[in-house]
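Visitor: Could you take me through this structure feature by feature, giving the general idea before each case?

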Amino acid sequence: MTYVYGDTSQVIVEAAVINQEQAYLGYTNRDNGRHPHKADFMRVLNQILIDMKKSGEL
């Protein structure tokens, strides 16, 4: 799988899986605006999870 961050000059290619573990991620609505990129992070992460479900990775 290939991941592109920012412009197309920033590409990360998955080479091998060396470990798999469960992880949990939570969001707060009590941050009083301290995390201005939270909405974008949530949107991007949700899209990645949707794509991974569609591909069978999850």
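Visitor: What does the pLDDT of the protein chain average?

Guide: pLDDT is the predictor's confidence in each residue, from 0 to 100; the protein chain averages 85, and 86% of the residues score at least 70. This is a predicted model, in which local features need pLDDT of at least 70 and side-chain atom pairs count only at pLDDT 80 or more, while totals for chains, interfaces and linings use all residues. Residues are numbered from 1 along each chain as its sequence is written, and side-chain values use heavy atoms, with hydrogens and water left out.

Visitor: What should helix α1 span?

Guide: The expected span is 1.5 Å times one less than the number of residues. For the 18 residues of α1 (residues 38–55) that gives 26 Å, and the end C-alpha atoms are 26 Å apart, which agrees. G56, which follows α1, has a positive phi, near 90°.

Visitor: Is N32 buried or exposed?

Guide: Buried means under 20% relative accessible area, exposed over 50%, and partly exposed in between (1.4 Å probe, protein chains only). N32 counts as exposed because its relative accessibility is 70%, and it is found in the loop between β2 (11–13) and α1. Most residues other than glycine have a negative phi. N32, although not a glycine, has a positive phi of about 50°.

Visitor: How much of the protein chain counts as buried?

Guide: Of its 58 residues, 3% count as buried.

Note on methods: Helix = DSSP H or I, 4+ residues; strand = E, 2+ residues; numbered from the N terminus.
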